[in-house]
Amino acid sequence: MKRTVIAFACVLLAGPALAQSLGEKTGVNSALGVAPTTADFVKEVAVSDMFEIESSKLAEQKGNAQEKRFAQQMVTDHTKTSGELKALVGDGKVQATLPTALDSSHQSKLDKLKGVSGKDFSSDYDSYQVSAHEDAISLFDRYSKGGDNAALKDWADKTLPALRHHLDMAKELGKAPSVGQAK
């Protein structure tokens, strides 16, 4: 028991040294409404954008007509936010490292989407889009209110309306009649 407590304490103390803090990784920060660190925010946003772009490219190929329209918008909008984030980091306004690949959680979701089609693809893609945008809104909202980088806080605040619109659109996926739509 004592070893477990010591090990847990070491993990908590080492949190800032890890690629992503334990609070963000476990969802504790989100549940408590705690703003992510700048490093966590940048990592989460970059990974989220990569996932949105890659999963939506699949939806442009495999999705029904409604999903294809939505996916085109996601590729356009998330390519734009990726570029904006890269510019903030690149010009030195934000001190953080941009990840170059998906984390294991997002990669496994993408792999699952690659392996399914038809209604299975639609079900997975649609639910991933709703949860991804709910998570993004929480992340951006928390950072815009309590982040420690003024330029990034401003960008997060300006990006929130588009994310809320994306969530509304994602919630409509699968609700439209499927008559005449390609599967």
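This is a predicted model: local features need pLDDT of at least 70, side-chain atom pairs count only at pLDDT 80 or more; totals for chains, interfaces and linings use all residues.

User: Which class of residue has 10 members in the contact of α5 with α8?

Analyst: On the α5 side the contact includes Phe 70, Met 74, Leu 85 and Leu 88, and on the α8 side it includes Leu 152, Trp 155 and Leu 163. Six of the contact residues are polar and three are charged. The class with 10 residues is nonpolar.

User: Now α4 and α6. What orientation do they have?

Analyst: Helix α6 covers residues 104-114, and its axis comes within 10 Å of that of α4. The two axes cross at roughly 0 degrees, and angles under 35 degrees count as roughly parallel. So α4 and α6 are roughly parallel.

User: How many charged residues are in the contact of α4 with α6?

Analyst: Residues of α4 such as Phe 51, Glu 54 and Lys 62 meet residues of α6, among them Lys 109, Leu 113 and Lys 114. By class, the contact has five nonpolar and two polar residues. The number of charged residues is four.

User: What kind of aromatic pair do Phe 41 and Trp 155 form?

Analyst: Across the whole structure there are seven aromatic pairs. For Phe 41 and Trp 155, the ring centres are 6.4 Å apart and the planes stand at 80 degrees. Planes over 60 degrees apart count as edge-to-face, so this pair is edge-to-face.

User: How many residues apart in sequence are the parts that this pair ties together?

Analyst: Phe 41 sits in helix α4, while Trp 155 belongs to helix α8. The pair therefore ties together parts whose separation in sequence is 114 residues.

User: Finally, the second largest pocket. Which helix gives the most to its lining?

Analyst: This pocket holds about 210 Å³ of space and is lined by 16 residues, with Asp 77, Thr 81, Glu 84, Thr 159 and Ala 162 nearest its centre. Helices α4, α5, α7 and α8 each supply at least two lining residues. By class, the lining has six nonpolar, five polar and five charged residues. The helix that gives the most, with six residues, is α8.

Notes: Residues are numbered from 1 along each chain as its sequence is written. Side-chain values use heavy atoms; hydrogens and water are left out. On a 1 Å grid over the protein atoms alone, a cavity is a set of points where a 1.4 Å probe fits but cannot get out, and a pocket is an open set with protein on both sides within 12 Å along at least five of seven lines; lining residues have an atom within 4 Å of a point. Grid points are joined across faces, edges and corners, and a volume is the space filled by probe spheres set on the points. Helices (H or I, at least four residues) and strands (E, at least two) are DSSP runs, numbered from the N terminus. Ala, Val, Leu, Ile, Met, Phe, Trp, Tyr, Cys and Pro count as nonpolar, Asp, Glu, Lys and Arg as charged, and the others, Gly among them, as polar. Axes are lines fitted to C-alpha atoms, for helices over the stretch in contact, and angles run from 0 to 180 degrees between N-to-C directions. Angles under 35 degrees count as roughly parallel, over 145 as roughly antiparallel, 65 to 115 as roughly perpendicular and the rest as oblique. Contact means heavy atoms within 4.5 Å. Rings of Phe, Tyr and Trp (its six-membered ring) pair if their centres lie within 6.5 Å; planes under 30 degrees apart count as stacked, over 60 as edge-to-face and the rest as tilted.
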